[in-house]
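Q: I am new to this structure. Please take one part and walk me through it closely.

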Amino acid sequence: MSHTPLSADLERTGFYPRLVADVVDDALDGAAPLAHLVHLETHFERAEVRRHITVLALTDELLVITHVDEAPLDGDPQRATAQVSTESVPLAQIATVVLSYVFTEPASYSPGDPVREVTLSIAWSGGQRIDVLPASCGDPNCEADHGYTGTIAQEDIVLRISSDADGPEAVTRAKLFARRLREANAASPLRTQTVSERPASPTRPRLAGFGGRPARGHGSRE
């Protein structure tokens, strides 16, 4: 996907690059990544700055996901801990790869204009997110209760990459990774099997750190 080595992209983030590199290498179990995507996010919670990094690595058979959260040490807020979770998803198990785009000034769009931001959504376990908002009738003076409305989206991981926050190159890298992932998913041998021929997927626990982040939407799962 990219000419930049994974190690160089980890160093560029400055987020415990040696630790993250070792964790990703262990999760890959000797496999060489065909493509990768590294995304660092920073959030402010009261007086605290919280960072977390997500690394997606694509191999011949797997999508390997590594997520590292930074948190203060209990009883000693001057020291930090790193909470790590990894998951290896067979390519044939991936159900959807969705890439959403945001453009600035669409009325004056010309081919080749840069994308302001993209959101990469990948689903594989059948988990669903529900976004619920109060419904309205469109009358600004109406005070009646119209119940609630919402949307249901299938997703296991969502990454939002902004040109303003992450740089134009990060948006391009996300687009290229999504393309490679779709190609690898479509070419997976098990994708040609019928549903009845495929082995049943075991129920897996959801990863800590996957789902509670502001950039992933604000809802519950069912």
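A: Start with one ring, F103. This is a predicted model. F103 counts as partly exposed, because its relative accessibility is 35%, and partly exposed lies between the 20% limit for buried and the 50% limit for exposed. Its partner is Y109. Y109 is partly exposed too, with a relative accessible area of 43%.

Now look at how the two rings meet. A pair of aromatic rings is described by the distance of the centres and the angle of the planes. For F103 and Y109, the centres are 5.4 Å apart and the planes stand at 75 degrees. That pair is edge-to-face, because the angle is over 60 degrees. Y101 joins in: ring pairs link Y101, F103 and Y109 into a cluster. In total, the count of aromatic pairs comes to three.

Next, turn to the strands. Three of them form an open sheet in the order β5-β6-β9, and the pairing is antiparallel. Strand β5 covers 96-102 and strand β9 covers 157-162. These two are the edge strands, each pairing on one side only. From one strand to the next, the twist averages 15 degrees. Strand β6, residues 117-123, pairs with β9 over six bridges. Across from S121 stands V158 of β9.

Finally, look at two helices. Helix α1 spans residues 6-13, and helix α2 spans residues 17-28. Their axes come within 9 Å and cross at roughly 145 degrees. The crossing is right-handed. L6, L10 and E11 of α1 meet P17, V20, A21 and V24 of α2. Of these contact residues, six are nonpolar, one is charged and none is polar.

Definitions and conventions
Residues are numbered from 1 along each chain as its sequence is written. This is a predicted model: local features need pLDDT of at least 70, side-chain atom pairs count only at pLDDT 80 or more; totals for chains, interfaces and linings use all residues. Side-chain values use heavy atoms; hydrogens and water are left out. Axes are lines fitted to C-alpha atoms, for helices over the stretch in contact, and angles run from 0 to 180 degrees between N-to-C directions. Helices (H or I, at least four residues) and strands (E, at least two) are DSSP runs, numbered from the N terminus. A crossing is left-handed if the near helix is turned anticlockwise from the far one by less than a right angle, and right-handed if clockwise. Contact means heavy atoms within 4.5 Å. Ala, Val, Leu, Ile, Met, Phe, Trp, Tyr, Cys and Pro count as nonpolar, Asp, Glu, Lys and Arg as charged, and the others, Gly among them, as polar. Two strands pair if DSSP finds at least two bridges between them. Rings of Phe, Tyr and Trp (its six-membered ring) pair if their centres lie within 6.5 Å; planes under 30 degrees apart count as stacked, over 60 as edge-to-face and the rest as tilted. Buried means under 20% relative accessible area, exposed over 50%, partly exposed in between (1.4 Å probe, protein chains only).
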